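Subject: Two-chain model, with notes

Dear colleague,

I am handing over the structure below, and my notes on it follow. Please read them with the coordinates open beside you.

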Amino acid sequence: MKKRGPIFTWVVIAASAVFVLAPLFPHDPESGFHLREFGRLPVLLNGRIKPLDTVARNSLLIIHGRQTIHLQHGATLSAIEWLTELLMNPGQADEREIFVIRNPDTLAALGWGVEAGKYFSFRQLFPHLQEIEQQAELAQKVDGQLRSPFQRDIVKLYERVLLYHRLQNSIEIPGTDDFKSDIEELVKTIHPSTTPMESGISPDALQRYAFLAETGYFFPIPPVPPQTDPQQWRKMGESILSFVTAGNLHPAVKAYAAMASAYAAGDPETFNAALSDYGGWLQEHFAARAGKTHVESIFNTLQPFYSAMVIYVLIFILACASWLVWEQRLGAYAYSLLIFAFIVHSCGLFTRMYLEGRPPVTNLYSSAVFIGWAAVFLGIVLERFYRNGIGSATASMVGFITLLIAHHLSMDGDTMEMMRAVLDTNGWLATHVVCVTLGYASTFLAGFLALTYILRGSLTSSLNQETARSLARMVYGIVCFATLFSFVGTILGGIWADQSWGRFWGWDPKENGALLIVLWNAMILHARWGGLVKQRGLMVMAVFGNIVTSWSWFGVNMLGIGLHSYGFMESAFPWLIGFCVSQLALMALGSLPLHLWRSPVEMQRPTSVRTVAATS
Amino acid sequence: MFTNTLAQSRAWDFFKQPFRVLSSLRLTVVCLGLAMLLIFFGTLAQVHLGIHAVQARYFQSLFVFWSPPGAGWKIPVLPGGYLLGTVLLINLIAAHAARFQFSRKKAGIILLHFGVILLLIGQLLTGLMAQESQLRLDEGETRAYSEAPRETELAVIDVTNPDYDQVVAIPERFLTRASTIQQPTLPFTLKIRRFLPNSQLVMRGQDSSASSSEATNGVGVNIAVSEIPRTVKDDERDLVSVFVEVESMEGALGTWLLANAISDPQSFTCSGRTFELVVRQRRFYKQFALTLLNFTHDRYAGTDIPKNFSSRVRLVDLERNENRDVLISMNDPLRYRGYTFYQSGFDNDDKTSILQVVKNPAMIIPYVACALVALGLVTQFSMHLFGFIRKRNA
């Protein structure tokens, strides 16, 4: 018996490892185009150099709401396959039904009924573009928070259509038959001149390239070596125009043109050859950058946070099951899997830090990832001490929920944004922001531990006194930890503000939110020391900490005011309210008279102030 | 002798009960709870009141009042920040006075609470002593004063002597109600006729004979003024207007309309001297001058996301023989003679730099307080933790 335990544990972990690493070994697409390599080409967008694959995924996420397109008969189209098609064979891309329209008012405004379905292609939307633009312009005159659901929807649709249109015009103008020969023709016929009209270029071509320069979404053309300054990246149209005025066609223009023509002609060999030539050129001149883009593309493929999320669910089930049957064995599986999931989660977190060159928390998305990570770490520590499945169950639940939140936050596009000037200081991001976020994570963990106590105690008879006491110690310890980090984090925030704006404290909503967490944790500790609450009171108070923290984390952002606001997140609002209501309900459950509870926790031995103070 | 001690002990009994309440943990918990309510409602109120009004009403006050819309009365609904801060401070000090016994086990607790006391006192001192203002400089411009963005003053400038101006500045609080202002160096008195905390000025049309202006002199004769609600937005400011009547020994000289929106001074003569009147942002003069050499605004490649702002300024201080270039950028201020200059904003197509100017003698306190509290918390909790681990291993 005893010997089989560890072997099984390793089997479980090996199976999980296979699950995590599987995306690295896909079946090659039949088309023969090396699109994975194509997806690794670096481009500049929103101030950051990133692989085309990232651009493809984020754009598809915004336009379609997913990172892959599900075709008929179970086939799928990956983001980079879609983007390549959009860039180099737009006619076919326009037929893909990727625009999701759910709002019946939006459908009606475009002349469709609900029976038209919810998926539309660009071709179908094309006749309505003017209407969409007009409606969006009307809606944009209304302040963001006051817009009706229809107005919000139409503005979003307009933004998605615009993004699609700009993406489509990033390499060549849709309708170009043979981009490569166009460029070759250009090289042959014109004599570069500072006044474009004198170079011999046709007015029509000049207009087309100017349009390309203006409309293009990303910057595919790297600086001319030996320059490396990010400001020197160019859009396709800009680079062609600069050839017209100054000569020297950039090799990247030739490479993209060759790939575009080969792709349109369905010629994988030529495409792959041009791609590999260009890859070689990049390696020669931008080797330093190539590493990061490569890592990012692997990171995209692996999606470590998604894998971790799935494993957390499994851990939660195992840990809960361990309270009913096979306590030792299931508990051990859950614990080892928790460590494995934590490693996967950490890999994701550290890769992001490497790619951004930043401390872990830079925006709301990364705060969610980090809160989950920290909570899981604390959960492992608790489980290491107590080995009763509680640390595993609670940590995996917090890990899952925060990664789910992160997933929804990523719908807005690139999660590795450049930092605005005010926030552009790694020192403060690494101290203040990390401390405050650790405060969030530990307050949540304490709250969820308390939830475990309340649910198990009131609904099941599985909570014996020993477990109850150990839970009380865990919650108390985590609340202490939370007090420390939220206090230090909040004060560090004040000092940052003093250093940067000259005021220590300004009663800004986000500052107030952080202060509320400090006060609440301090209140729990003082109430406990003063004997005002005992075990169950401590639990009920800890659950309220979830409400306070979610208010500070999300609620204040929904006020839409203050220096720290990230924008109005209308869709998250009902969820926040729902969460708070559920927590209040659980607090009520926790406050029921003891005889209504199924587990006999908190027996008659009264814990006086002195003994609590002495033992805690 | 006996009666004396009895009397003393009676007196002590008399104080014992209140002292017990003041030093109780129960009071701490109640105060913390009330503080949470105050902060929560103070945050919500910012949506409608704006951050500055909320600061005054919720946090820098003894009570938060509420009155039903349209009613003339108000009732206190919550203790304000000053009251709660004071009670917490007394509670903390009393609790430590009552139960103070120094032991190694309690060192952390004492340290951290001392830090909290220091923090509260520091915030009180900052509230009382800190002075915040702004310095707006166009490229090439030199100034030796900063301005309070939300406070105005009425300046009476004697420009008779071509070599220097003599200025009498009257703070806003004297302008808000109808009153008469006299100043020994001025040969006239100023009567405040009407004060509008926020206003809109419109040029009067030629045919508009409807309501004649209250102003009889200056540009105000042709301007119609209407009062508008005070702004709650952080990035807007109120535009004050005030009608001032000037009265000399010889009789009334007329009524002028003075306003933030009228930036040019309006002049008149009295007793052979020439005076100018202007309403402007309250000024704080410095012993040194700053010149903006140039302002830079970097953006990330291919975006409008600001990467950095910075102002290169020339600092000239004749008193101390300083004459040098300084670079002020985001997160990197200039500290000089008790003032700190922060890069705060820009305007005018990147040609104007706005610096936040702060003078806060209590600035250092939060730093010390934070260190004490952090040290105290770490000491206390690590003692818990090690105690716990030792017990488990035993």
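Predicted model: local features only at pLDDT ≥ 70, side-chain atom pairs only at ≥ 80, totals over all residues.

Residues are numbered from 1 along each chain as its sequence is written, and chains are lettered from A and ligands numbered from 1 in the order in which they are written.

Domains of chain B

Between them, 6 residues of domain 1 of chain B are in contact with 5 residues of domain 2 of chain B, where contact requires that the C-beta atoms of two residues, placed from the backbone, lie within 7 Å. On the domain 1 side, the elements that give two or more residues are helix H2 (25-49) and helix H3 (51-59) of chain B; helices (H or I, at least four residues) and strands (E, at least two) are DSSP runs, numbered from the N terminus. The largest share of that side, 3 residues, comes from H3(B). By class, the domain 1 side has 3 nonpolar, 3 polar and no charged residues, with Ala, Val, Leu, Ile, Met, Phe, Trp, Tyr, Cys and Pro counted as nonpolar, Asp, Glu, Lys and Arg as charged, and the others, Gly among them, as polar.

The two helices also pack on each other: the axes of H2(B) and H3(B) are 8 Å apart, at an angle of about 145°, where axes are lines fitted to C-alpha atoms, for helices over the stretch in contact, and angles run from 0 to 180 degrees between N-to-C directions. Leu38(B), Gly42(B), Ala45(B), Gln46(B) and Leu49(B) of H2(B) meet Ile51(B), Ala53(B), Val54(B), Tyr58(B) and Phe59(B) of H3(B), a contact that by class has 8 nonpolar, 2 polar and no charged residues.

Two residues of chain B

Arg193(B) is placed in strand E7 (residues 188-196) of chain B, and it counts as partly exposed because it has 15 C-beta neighbours inside 10 Å; a residue is buried if 20 or more other C-beta atoms, placed from the backbone, lie within 10 Å of its own, exposed if 12 or fewer, and partly exposed in between. Leaving out residues up to four places away in sequence, Arg193(B) touches Ala178(B), Glu214(B), Phe243(B), Val244(B), Glu245(B) and Thr255(B). Asn321(B), in the loop between strand E14 (306-317) and strand E15 (322-329) of chain B, has a positive phi of about 55° although it is not a glycine, and Asn321(B) is exposed, with 7 other C-beta atoms within 10 Å.

Chain A

The secondary structure of chain A comes to 25 helices and 6 strands, and 46% of its 616 residues count as buried. Chain A is divided into domain 1 (1-11 + 303-418) and domain 2 (436-616), and 18 residues of domain 1 of chain A are in contact with 17 residues of domain 2 of chain A. H18(A) gives the largest share of the domain 1 side, 10 residues, and by class that side has 14 nonpolar, 4 polar and no charged residues.

The axes of helix H20 (residues 426-459) and helix H21 (residues 465-501) of chain A come within 7 Å and cross at roughly 155°. H20(A) is therefore roughly antiparallel to H21(A), the term used for angles over 145 degrees, with those under 35 roughly parallel, 65 to 115 roughly perpendicular and the rest oblique. Trp507(A) lies in the loop between H21 and H22 of chain A; its phi is near 60°, a positive value in a residue other than glycine, and Trp507(A) counts as buried, with 21 C-beta neighbours inside 10 Å.

Between the chains

Across the interface, 48 residues of chain A are in contact with 48 residues of chain B. H21(A) gives the most to the chain A side, with 12 residues, and the residues of that side divide into 31 nonpolar, 13 polar and 4 charged.

With best wishes

Conventions. Domains from an automatic or database assignment.
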